[in-house]
Amino acid sequence: MSEQKSYGLLKGKKGIVFGPLDESSIGWSIALAAHREGAELAISNIAIAQRVGKVNQLCEMLSAPFIQADASNYDELFKGFGELKEKFGKIDFIVHSVGMSQNIRKEKAYDELNYEWYQKTLDVSGLSLHKIITAALKQDILNDYASIVALTYIAAQRAYSGYTDMADAKALLESIARGYGQTLGRKGIRINTVSQSPTYTRAGSGIENFDLMYEHAHLLAPLGNATAEECGDYVVTLLSDLTRKVTMQNLYHDGGYSSMGSSLPILRIMHEALQNDALVAKSGLEDVLPPHLKGGKWKTKKEG
Ligand SMILES: NC(=O)c1ccc[n+]([C@@H]2O[C@H](COP(=O)([O-])OP(=O)(O)OC[C@H]3O[C@@H](n4cnc5c(N)ncnc54)[C@H](O)[C@@H]3O)[C@@H](O)[C@H]2O)c1
């Protein structure tokens, strides 16, 4: 259980978290933090998560009903919300912490993407937010003034080489959050995305060169990378009544990384490394340069 003290922020509230798999999952930490703050929870995931993950253990710990649903399957979601409403009643929040890309698992480069997998990535990781909200509205399971939060990553806004089709799915997800905001606003319901630091989870660690991305963000962010537990603490504030006029926002939870350009220590380390020809050759720098910079023409005047 989380070490953080409870502020009772979610006392009297009920909600569902989509996507906890094991202790490393961001959704797992959000569920623990919401429970600590007094919420009654339901947990949802695909069937396989019960076999390969520890989702049953989490449900037992939190006395939470499990709703089995593929988040890309509207009919399963509609049925799941129907069952939930019957045994649990109406809910005050939904957390979307779902993501999957077969192209990332297979380390496909952006110009080699398998299009069937690409569609699946968009469907599971982006469009699922739309389907979840629509199914919840059609089942009339959301209380007025409910809150919806979905997890995203900065690759939706900037280019990150290893994030390939998941970056496009996250752009779709963030756009859906803005697109649905007005309709949801008619019931006082708010919706936001939280853009989290690189975090060691099953989905996260599958990204090519994840260690390097993690290290870079950790060194650049003035407060360092945010952990999954810290993300849980942040998300509960967005589920609580203290943030009732925050909607249609993409909120960075990343130790300040997204506002940084560069930092002198990192520039110095990079500069030192660039003096080492063997290291430069090993880095593959020449392979990613445009023609006018190849052959060492990227060197500064001072060095050249
Ligand atoms: N790990 C990171 O570095 C990082 C950073 C920013 C945002 N995020 C986002 O956080 C969210 C949670 O990911 P995580 O890093 O905790 O990894 P995770 O692997 O623990 O969680 C991903 C979850 O998605 C579920 N899932 C996959 N396909 C599904 C489907 N068809 N239907 C329903 N659920 C399905 C998995 O079973 C798993 O529980 C994702 O949206 C991810 O993109 C992760």
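This is a predicted model: local features need pLDDT of at least 70, side-chain atom pairs count only at pLDDT 80 or more; totals for chains, interfaces and linings use all residues.
Start by showing the strands. Seven of them form an open sheet with parallel pairing, in the order β3-β2-β1-β4-β5-β6-β7. At the edges are β3, residues 66-68, and β7, residues 249-253, and each of these pairs on one side only. Direction ignored, neighbouring strands of the sheet are turned by 20 degrees against each other on average. Strands of a sheet pair through backbone hydrogen bonds, either parallel or antiparallel.

Select β2, residues 40-45, together with β3. The two pair in the parallel sense over 3 bridges. To find one of the contact points, pick Asn45, whose bridge partner in β3 is Gln68.

Next select β1, residues 14-18, and β4. These strands are parallel too, paired over 4 bridges. Gly15 has Phe93 in β4 as its bridge partner.

Look for Val95, which stands opposite Val149 in β5, and for His96, which stands opposite Ala150 in β5.

Are the residues of β4 buried or exposed? For β4, 6 of the 6 residues are buried, so this strand is largely enclosed by the rest of the structure. In β5, 8 of the 11 residues are buried, so β5 is also largely enclosed by the rest of the structure.

**A helix across the sheet**

Select helix α7, residues 164-185. This helix lies across β5 (142-152), β6 (190-196) and β7. Compare its direction with that of β6: α7 runs at about 160 degrees to β6.

**Helix α1**

Move to α1 and colour its residues by burial. How many of the 11 residues of α1 are buried? The count is 11 of the 11, so the helix is largely enclosed by the rest of the structure. The buried residues include Trp28, Ser29, His35 and Arg36. After the helix comes Gly38, whose phi is positive, near 100 degrees.

Leaving aside residues up to four places away in sequence, Ala31 touches Val17, Pro20, Leu41, Ile43, Leu58 and Leu62.

**The nonpolar core**

In soluble globular proteins, nonpolar side chains tend to be buried together. Here the largest nonpolar core has 81 residues. Which residues touch the most other members of this core? Select Ile30, Ala31, Ala34, Ile43, Ile132 and Val235 to see them. The largest share of the core, 9 residues, comes from α7.

**Around the ligand**

Finish at the ligand. There are 27 residues around it, and Ser25, Gly99, Thr201, Ala203 and Gly204 come nearest. Elements that give two or more residues to this shell are α1 (26-36), β5 and α8 (202-205). Which element gives the largest share of the shell around the ligand? That is α8, with 3 residues.

Last, colour the shell by residue class. The shell around the ligand has 12 nonpolar, 13 polar and 2 charged residues.

Note on methods
Residues are numbered from 1 along each chain as its sequence is written. Two strands pair if DSSP finds at least two bridges between them. Axes are lines fitted to C-alpha atoms, for helices over the stretch in contact, and angles run from 0 to 180 degrees between N-to-C directions. Two residues are in contact if their C-beta atoms, placed from the backbone, lie within 7 Å. A residue is near a molecule or strand if its C-beta atom, placed from the backbone, lies within 6 Å of it. Ala, Val, Leu, Ile, Met, Phe, Trp, Tyr, Cys and Pro count as nonpolar, Asp, Glu, Lys and Arg as charged, and the others, Gly among them, as polar. A nonpolar core is a set of buried Ala, Val, Leu, Ile, Met, Phe, Trp, Tyr and Cys residues joined through C-beta atoms within 7 Å. A residue is buried if 20 or more other C-beta atoms lie within 10 Å of its own, exposed if 12 or fewer, and partly exposed in between; C-beta atoms are placed from the backbone.
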